[in-house]
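Have the sequence and the coordinates open as you read.

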Amino acid sequence: MNDIASFAIRFIAIGFAVAMFAMNLAVVLTWVDRRQGAMIQDRVGPNRAVAWLPTPIAQGLALGPAVLLAVGVLGYVYTHEVTGPEVESRGLLFSQLAVLLLWLTGCVIASQVKARGPKSSFDLWIQSLGEPRFIFFGGLVAHVALFVLSLMLRDGKGGETFAAVTSTAGPALFAFAALAGAGYAAFSIRKEKRIGLRLAGLLHPAADGLKTLFKEDFVPPNADKFLFNLAPFISFFPALVVLACVPFADTLCFATDASGKIQLGQLASSVPRVGVCTEGALKIQVVDLNIGILYFFAIAGTGIVGAALAGWASDNKYSLLGGLRAASQMVSYEVTMGLTMIGMIMVYGTLQVDKMILWQQENTWGVFAQPLAFVLFFTAAVAESKRIPFDIPEGESEIVAGYFTEYAGMKFAMFFFAEYIAVVTASALMAAVFFGGWSLPFVFRDGIHVSLAGTPLFDIALPHGGVVALGAIGFILKTIVLCWLQLTIRWTLPRFRYDQLMRLGWRNLLPASLANILLTGFVVMAIRTAGPGMESVMAVLSNVCNLVLALGGLGLLVWFAVFMSTPRKRKQILATSSAQYAAEVGGTRSLRMGA
Amino acid sequence: MTVNTKSLGPRKVSGVPVARSQRGAGVQTYIPEVARGMVIVMKHFFQNTKEMALGQRNDPVLESIEEGINTVSYPEQRRPYPTRFRGLHRLTHRDDGSPRCVACLCCSTACPAQCIHIEAGEYPEGDPKRGYERFPKRFVIDELRCVFCGFCVEACPCDAIRMDTGMHAAPYDSRDQFIFEKDLLMNFPGRDGSFATANPRHEPGEPSHPGIDRVHGH
């Protein structure tokens with residue numbers, strides 16, 4: 001009985017969290033699609049929704065989380081003493097975090113001061129440090145210096161002192177940085193009457209969602225009322241529940257006391273590199289089905305019914321055409337999706353997504369094992385979500401709005417939202433199957449181990465909670481990047497014609513996926529029969545892939561840093577009296593994204 | 001019968017033949033072009049998002065020839081009107097803060113839209129200005145009726161009414177809010193922030209006063 005209750009609680013809690021993840025990411029995606037879609041056309045995009053806050057509340061919103069964070073960190077660190085190697089990892093973690101927060105705060109303040117001019121002696125001091133990007137460069141130097149210092153001092157007397165200093169001063173500096181940044185923000189807005197909260201335009205999709213709730217719920221007079229009302233739910237529901245089979249992070253291990261009882265308040269401090277803890281294990285996944293990925297396809301396939309029903313029940317020719325198009329398109333591309341996945345299943349030897357991720361952690365990302373499968377799957381997944389360039393079921397120029405022509409208000413929003421959620425879920429599945437899910441290159445359950453062909457190059461132990469959190473962040477980042485890739489495709493490509501779509505699905509993608517299965521079969525067979533020599537070659541290959549990934553990731557970070565900190569030179573033209581007036585008042589007041 | 005075959009068939013055309021575009025695998029699969037398009041999209045995306053997030057976007061008025069986002073986010077950002085823009089009216093002040101208007105009704109006469117209403121008042125007995133000029137008891141402009149032709153400004157002999165505020169009528173929610181009374185019209189400063197005009201006024205009785213008045217006589 002107790003087991004069932006705890007299972008139910010776990011199921012509901014994680015299920016709720018996952019559904020919230022998908023829906024919130026879909027809201028953010030709506031925002032990205034509108035706001036960032038405007039960016040590529042050199043427009044600002046919708047950001048008019050604003051919540052006006054009285055200054056004291058805004059100050060509280062700035063200070064509250066910072067105080068909570070500072071007190072929490074300090075309280076945790078000074079009540080939980082650690083010994084041995086954990087001192088070092090704690091020192092490293094908090095000193096790096098503190099440096100990160102310090103330069104971030106410094107950069108934000110400096111750019112604010114630069115934008116509106118100095119107002120206090122502190123502003124003048126910040127301004128004397130130079131451009132905001134110099135603070136950023138200083139931060140980078142500090143990051144690297146701390147890291148190098150910790151490596152150099154590692155195996156000596158100095159190492160212990162260094163670890164002791166960083167593990168006590170790091171958290172304090174972190175708390176100071178958080179409080180200082182929030183304090184400055186609260187101080188600098190003290191004279192404002194009210195503060196507009198726009199969240200970079202994120203309130204706009206929220207306001208739109210709220211608006212759809214209050215719109216007229218129109219049902220066409222001759223429509224099949226029951227099916228008409230049912231269809232949006234049928235399309236919305238599967239999009240939400242498919243994520244149940246995707247794990248969001250590594251299995252979390254809780255500590256057990258002497259009698260073997262699980263202590264929910266405390267995580268296991270460190271776990272072995274291989275194997276999953278048997279006691280106190282919590283899978284960050286709604287259900288661990290043994291059919292795993294088949295569940296995804298089974299449920300995702302029912303989404304077709306919603307679109308087809310909506311088209312049929314609306315009593316509208318355009319809707320009917322849209323519904324038929326949606327059904328045929330989704331059925332066609334479902335085939336390719338399933339067949340490409342068979343190649344992955346042959347490589348991984350399992351249907352369960354978490355075991356696939358474990359395989360990828362031990363070897364390398366699935367996209368290296370099956371590049372063709374990824375391209376095919378990605379194309380099919382974009383087509384599955386019925387979005388540009390595959391938005392034939394709702395082709396505005398041909399059939400008004402396709403299968404949801406007759407829908408208004410929240411029911412329309414549900415179709416609309418289901419599409420975005422389908423993007424999120426497809427991205428999450430692709431991240432899990434092709435991009436290692438929560439596994440990161442060289443990050444294992446007990447820490448970071450870099451090795452090439454069996455020779456260890458670099459080792460550092462990390463606490464269990466940290467590794468799991470890192471994995472979860474990695475998974476979410478991968479999902480976001482894949483979502484963004486789908487959006488970029490949407491922003492770039494024009495719509496296919498219907499026959500082109502069918503030809504692509506049946507005559508190109510389907511044969512390619514069949515060929516992929518055949519090829520994978522031969523290769524897998526060859527590797528399995530080749531014996532241990534081949535295995536070691538494959539191990540080196542996967543190491544090389546991981547190394548490329550890690551170096552590529554670092555290179556991307558460096559590129560990003562350089563890109564963000566390079567200012568652009570612009571030419572001012574004062575030809576008109578308008579421009580002269582604008583120049584006199586110091587330029588047209590330029591707006592940030594948030595304001 | 002012989003047919004001149006030379007006159008039939010295609011005529012010879014001189015010129016350089018244009019090579020047909022190659023339709024190799026790259027063109028047929030679209031993939032290289034799709035990739036190229038996505039690179040362009042991403043370039044705009046990253047550049048513009050970065051500049052928006054860091055508050056480094058172009059000044060839409062001063063730097064509008066540059067690449068990037070040049071949208072004017074009205075009302076937070078405004079493009080200043082050019083110098084000769086005819087905006088909302090203002091009534092200029094004398095040194096003592098009273099209106100320069102002498103209620104001669106030239107402007108309301110010149111107004112093709114008949115949007116100016118003036119009630120003239122006489123100065124009290126004994127005032128040096130009495131009999132020389134009058135003052136507006138009421139000066140009302142219906143800004144909805146106004147066609148912003150500027151005839152009133154041209155007609156005014158005293159430079160008392162000007163349209164150099166550089167402001168347009170804000171969108172109010174009822175018609176009576178567009179009917180601007182004297183107090184409001186006197187509250188708008190000019191583009192330079194002053195309530196006076198560049199033309200000095202010489203009050204009757206002052207030595208610099210060029211004209212004729214009761215005190216100086218003929």
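What follows goes from overall shape to the contact between the chains, then to some local details.

A quick word on ground rules: this is a predicted model, where local features need pLDDT of at least 70, side-chain atom pairs count only at pLDDT 80 or more, and totals for chains, interfaces and linings use all residues. Residues are numbered from 1 along each chain as its sequence is written, with chains lettered from A and ligands numbered from 1 in the order in which they are written.

**Confidence.** The model comes with ipTM 0.77 and pTM 0.77.

Chain A holds 19 helices and eight strands; here helices (H or I, at least four residues) and strands (E, at least two) are DSSP runs, numbered from the N terminus. Its radius of gyration, taken over C-alpha atoms, is 27 Å, close to the 25 Å that the globule rule (2.2 Å times the number of residues to the power 0.38) gives for 595 residues, so chain A is as compact as a globular protein of that length. Chain B is another story: a compact globule of 218 residues would sit near 17 Å, but chain B has 34 Å. Chain B has five helices and five strands, running α-α-β-α-β-β-α-β-β-α from the N terminus on.

The table puts some values for each chain together. A residue is buried if 20 or more other C-beta atoms lie within 10 Å of its own, exposed if 12 or fewer, and partly exposed in between, with C-beta atoms placed from the backbone. Two residues are in contact if those C-beta atoms lie within 7 Å.

**Where they touch.** The contact takes 34 residues from chain A and 38 residues from chain B. On the chain A side, H1 (2-39), H3 (85-116), H16 (464-492), H18 (532-565) and H19 (577-584) each supply at least two residues. H19(A) gives the most, with six residues. By type, the chain A side divides into 17 nonpolar, eleven polar and six charged residues. Here Ala, Val, Leu, Ile, Met, Phe, Trp, Tyr, Cys and Pro count as nonpolar, Asp, Glu, Lys and Arg as charged, and the others, Gly among them, as polar.

In chain A, three strands make an open antiparallel sheet in the order S6-S7-S8; strands pair if DSSP finds at least two bridges between them. S6 (443-444) and S8 (455-461) of chain A are the edge strands, each pairing on one side only. Two bridges join S6(A) to S7 (residues 447-452) of chain A, and Phe444(A) stands opposite Gly447(A) in S7(A).

Which loop holds Lys386(A)? Lys386(A) is in the one between H13 (371-384) and H14 (396-399) of chain A. Lys386(A) has a positive phi of about 55 degrees although it is not a glycine, and it is buried, with 27 other C-beta atoms within 10 Å. Val400(A), in the loop between H14 and H15 (409-434) of chain A, has a positive phi of about 60 degrees, again without being a glycine. Val400(A) counts as partly exposed, with 17 C-beta neighbours inside 10 Å.
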